[in-house]
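Here are my notes on this one, as numbered points. Have a look at the fold first, then read on.

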Amino acid sequence: MGIDFGVCIQNMKKKLILNDQLHGFDKEQNELIQIIKKTTDFGESDSMIILGPRGCGKSILLESVIKSLSPESHTLVLLNGLIHTDDNLALKSIIQQLQMENLDGTFAEGSYADNISFLLESFRAGNKTASKSIIMVLDRFDMFCSHTNQTLLYNLFDSVQSQQSPLCIIGLTSRIDVIELLEKRVKSRFSHNIMMLNPPSEISQLLERFKHSLIINKHCKVKADVLKNWNNNIELLISDVRIQNLMKDLLKSSNNSTKLNLLIFHALSNMSNDLILTVENLTNNYTTLFKKDMILVHLLGLSVLELCLMISICHHSEIYDQEPFNFEMIYDRYCKFALRNSTLLVTKRQVIIKAFERISVMQLILPVAVIENKNVLREYRLYKCSINLDKVKTASNLYFRLPPVILQWIDSNII
């Protein structure tokens, strides 16, 4: 029974969401397999750090290598610098994942010193032939370097150098200066195996990823003519100049796969009825996702009170020919409007100050003084408006359920 074409597209979208497809790192994958297999097959301990910017595929690379190993050949220990914020938490997690707490009368429940002594004694009790290999992954490795005296890192790397129980330590980090963060005694015990993952730097590499994500392979048992038409269409898209220019723009903004996956996912979700991916579909989705008017997005994210303050600011700027203003001027203008319209409640002054400050943080208004004078009260600090009234009108027309009285006020600066 063949798989429906719609199911095949759904599976493609699922892979894009999970972002678990490794592409373009065959050499690095083979190198990592060799290092890990030295531990699992021959009992040789080792350590390595995988460097690369966020989203480049460090975790996916490691997961793909570990999946290729036999589960019986190793015990996997996973640590994360965001979760295990000190050596004690990390140490307890190691003992728990190695299931050492089940050893009768052996596990020392007590201080950090007792626990580390127990762990090291356990490592010393093992040997290359009889002991099961341990693969220890330290995600956000740079955060482990901030722990007090780097005691845990020192003892783990020392265990690797001692060649007792087979142990492979793999650190994942996006900090390129991570080796400089290591203390001298820790650095001397690290094997200095460093793997650098470089994200796509050329259009051809990004197009190859685009093709890899969309090509339907023969394992997906759809009709032969449907499969052929789809794959031929993908080849045509790659050769299209408009798609190449689109990929060039995408590469300038981000060289990881996250934005590319998001673009492909939206394009697949918004395909036409004939179920063919078109250049227009991709370009429209690209514009929608990554070419938004951010000022308009910020304005639509304002509360009704904040939008009213922006209208007051724009009116003030038009009347006084872009002269600087302070909070008191805008507050006075807003209160006059609110008092004359029973549909709007006069909000407390402190709430309005907070709304004004949020507008400032979003840089919809900019301070006149580069260096803030601490002697000037915040109500009297001078600002200039960075947007015009037309932009606020556009936002108000798109704003969900904006009171009609405010829409009328926008078109008239007379209070």
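1. Of the contacts in the chain with a separation of 6 or more, 73% are between residues 24 or more positions apart; contact here means heavy atoms within 4.5 Å.

2. Bear in mind that this is a predicted model: local features need pLDDT of at least 70 and side-chain atom pairs count only at pLDDT 80 or more, while totals for chains, interfaces and linings use all residues. Residues are numbered from 1 along each chain as its sequence is written, and side-chain values use heavy atoms, with hydrogens and water left out.

3. The C-alpha trace spans about 90 × 70 × 35 Å along its principal axes.

4. I count 20 helices and seven strands, taken as DSSP runs (helices H or I, at least four residues; strands E, at least two) and numbered from the N terminus.

5. Confidence next: pLDDT, the predictor's confidence in each residue from 0 to 100, has a mean of 87 in the chain, with 95% of residues at 70 or more.

6. One stretch to treat with care: over residues 102-108 pLDDT stays under 50, and the model has 10 contacts for them beyond four places in sequence. Where pLDDT is low, the predicted coordinates should not be read in detail.
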